[in-house]
Amino acid sequence: MRKNIVLLLLAVVIVFMPLVINPDAEYSGADSEAEAVIAQIQPDAEPWFTPLWEPPSGEIESLLFALQAAAGAGVICYFLGYHVGKRKGTGAEQ
Amino acid sequence: MSRKIYFMVLTLLVLTFYPNPAYAMHIMEGFLPLPWAIFWAVITLPFLIYGLKSIKDTVEENPGFKMLLAFAGAFAFVLSALKIPSVTGSSSHPTGVGLGAILFGPTVMTVIGVIILLFQALLLAHGGITTLGANTFSMAVVGPLVSYGIYKGAQKAGLPRGLAVFFGAALGDLATYVTTSIQLAAAYPDPTGGIAASLTKFVGVFALTQVPLAVSEGLLTVVAVNFLVSHNKSDLLALSVIKREG
């Protein structure tokens, strides 16, 4: 259990470390940077197909994001709780 | 039974509202020339068909696996939605498919991956319909294959389980982005340096950014597997993820 907490903390440190050691970077998406590389290699490259629908704004996008994170975490936590409870219920806890 | 239905509904919800990780990795809509789009789609198709059969067989063998499958799917959804900063000064997201590949084999995650990518392309203008084949190949074919292969190989070589899971998940994540770089380099060779010069540029954008994220994904996958070993050992034994007396 303690090992897991250490691993999770380590992951959190790795995630936020860039913001500390490189605070002025833009942190734009790797895909938009790839678009810039394509434009540099082949300046006349144009997408030949455009998305059928796009979220109307950043706010709507973040709404979808929040819903997704909540639903995904819900499934995971249901699973975790189910198994913790099951083990306790069958008296198999260590 | 109702629990299973509840899970299916939840899973569907997750899929339906899968957000647009605005900062992310997949090849953008319309950016792969048609011949390449078709090429990657055709190559991906057999993995998808085999994956569907594999899911059917797994669930028929033991309907109880559905819950673990939902967990692996949810893990991939959440991880691939987390936009994370990297030391290179840009952002990307992990894939989260390594866990499912280690549990159920690589092609099961091809199916889950294609569902994620399809909804992203349709509802969130991320990735794309025309690049679906290529993106599925990198995230849901190569990534899981590498994760699965490394996990099984490390296990055979006698490495501790934690290390086997870590390297499986982390290198699978990284392999996805290397594949994306190769796909873009093949479609956009540098006018002077050719594919190799392009590849260097795309690897610099995608793969380097991904290194710390791959490490994080590896750590989180180890935690997930540790939990499963202590709380759901019977399923892992039945799926041959771990060996008896492990």
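This is a predicted model: local features need pLDDT of at least 70, side-chain atom pairs count only at pLDDT 80 or more; totals for chains, interfaces and linings use all residues.
**Entry 1: A:E33 and its contacts.** Setting aside neighbours within four places in sequence, I found A:E33 in contact with A:S28, B:S90 and B:V205. I noted that A:E33 sits in helix α2 (residues 30–41) of chain A.

**Entry 2: the strands.** Two of those contact partners, A:S28 and B:S90, turned up again. B:S90 is the bridge partner of A:S28, and lies in β2(B). I then checked how strand β1 (residues 28–29) of chain A is joined to β2(B): the two run parallel, with 2 bridges.

**Entry 3: the whole interface.** Next I stepped back to chain A and chain B together. How many residues does each chain bring to the contact? I read 56 residues from chain A and 68 residues from chain B. About 5,600 Å² is buried between the chains, with 75% of it on carbon and sulfur atoms. I looked for salt bridges between them, and the count is 0.

**Entry 4: chain B's side.** Several elements of chain B each supply at least two residues to the side touching chain A, among them α1 (2–16), β2 (90–92) and α9 (207–231). I saw that α9(B) gives the most, with 12 residues. By type, I noted 47 nonpolar, 16 polar and 5 charged residues on that side of chain B.

Key:
Residues are numbered from 1 along each chain as its sequence is written. Chains are lettered from A and ligands numbered from 1 in the order in which they are written. Side-chain values use heavy atoms; hydrogens and water are left out. Contact means heavy atoms within 4.5 Å. Buried area is the accessible area (1.4 Å probe) that two parts lose on being put together, summed over both. A salt bridge is a side-chain nitrogen of Lys or Arg within 4 Å of a carboxyl oxygen of Asp or Glu. Helices (H or I, at least four residues) and strands (E, at least two) are DSSP runs, numbered from the N terminus. Ala, Val, Leu, Ile, Met, Phe, Trp, Tyr, Cys and Pro count as nonpolar, Asp, Glu, Lys and Arg as charged, and the others, Gly among them, as polar. Two strands pair if DSSP finds at least two bridges between them.
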